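Subject: Structure for your review

Dear colleague,

Please find below the structure that I am handing over to you.

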Amino acid sequence: MSMAYEEYMRQLVQPMRDELVRAGFRELRTSEEVEQFMENVEGTTLVVVNSVCGCAAGLARPAATQAVLNSEKKPDHLVTVFAGQDREATAKMREYFVGYAPSSPSMALLKGKEVVHFIPREEIEFQSMEAVMENIMKAFAKYCK
């Protein structure tokens with residue numbers, strides 16, 4: 001790929017990254033960052049597999065940020081990887097999603113390293129933002145302190 005294309009894509013997705021970072025999510029951009037985080041994590045973690053698609057923009061990111069903002073119970077950690085952009089980080093994170101097919105956007109709530117709730121793209125697209133947010137918040141209520 002050309003350097004011009006790579007730079008264009010970096011600039012294009014930056015606002016999509018920033019939306020989650022502003023809401024308190026930590027970006028994991030390399031497979032090493034993912035491995036280091038996952039091998040040392042304790043408690044609950046919401047992982048958002050970010051994407052450039054419309055359902056990420058209009059549904060997944062707003063639902064995740066609003067769920068965190070409005071939920072009484074919250075995960076201990078908020079992290080994100082970006083499918084199609086940080087490929088190695090995304091692939092490494094998906095290794096921890098045992099039994100779940102790759103999906104982007106998607107969200108996983110983990111307890112330690114174990115996925116206790118997974119929301120694939122099929123449960124995001126064609127839903128309302130409120131329905132996706134409610135799905136996340138129900139998982140928070142069940143698994144988070």
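The side chain of Ser 51 reaches the backbone nitrogen of Cys 53 at 3.3 Å. This is a polar contact, meaning a pair of N or O atoms within 3.5 Å; within protein, one must be able to donate a hydrogen and the other to accept it, and residues adjacent in sequence count only if both atoms are side-chain atoms. Please note that the model is predicted: local features need pLDDT of at least 70, side-chain atom pairs count only at pLDDT 80 or more, and totals for chains, interfaces and linings use all residues. Residues are numbered from 1 along each chain as its sequence is written, and side-chain values use heavy atoms, with hydrogens and water left out.

Ser 51 lies in the loop between E2 and H3; helices (H or I, at least four residues) and strands (E, at least two) are DSSP runs, numbered from the N terminus. Ser 51 counts as buried because its relative accessibility is 8%. Buried means under 20% relative accessible area, exposed over 50%, and partly exposed in between (1.4 Å probe, protein chains only). Residues up to four places away in sequence aside, Ser 51 touches Met 16, Ala 56, Arg 61, Phe 82, Ser 104 and Pro 105, where contact means heavy atoms within 4.5 Å.

Arg 61 also meets Glu 19: their side chains make a polar contact of 2.8 Å. Glu 19 is found in helix H1 (residues 3-22) and is partly exposed, because its relative accessibility is 23%. Beyond its neighbours within four places in sequence, Glu 19 is in contact with Arg 61, Pro 62 and Thr 65.

Another residue in a loop is Asp 86, placed between strand E3 (77-82) and helix H4 (87-95). Asp 86 is buried, because its relative accessible area is 8%. Its side chain joins that of Arg 29 in a polar contact of 3.4 Å. Arg 17, Leu 28 and Arg 29 are touched by Asp 86, not counting residues up to four places away in sequence.

Helix H5 (residues 129-143) has 15 residues and reaches 21 Å from its first C-alpha to its last. This is close to the 21 Å expected at 1.5 Å a residue, the expected span being 1.5 Å times one less than the number of residues. Its buried residues are Val 132, Met 133, Asn 135, Ile 136, Met 137, Ala 139 and Phe 140. Their cover includes strand E2 (44-50), helix H3 (54-70), strand E4 (106-111) and strand E5 (114-119).

Which elements each supply at least two residues of the lining of the largest cavity? They are E4, E5 and H5. On a 1 Å grid over the protein atoms alone, a cavity is a set of points where a 1.4 Å probe fits but cannot get out, a pocket is an open set with protein on both sides within 12 Å along at least five of seven lines, and lining residues have an atom within 4 Å of a point. The largest cavity has a volume of about 40 Å³, and among its lining residues are Leu 46, His 117, Ile 136 and Phe 140.

The largest pocket holds about 230 Å³ of space. Of the 12 residues that line the largest pocket, the closest to its centre are Glu 6, Met 9, Gly 84, Gln 85 and Arg 87. H1 gives the most to this lining, with six residues.

Yours sincerely

Terms used
Grid points are joined across faces, edges and corners, and a volume is the space filled by probe spheres set on the points.
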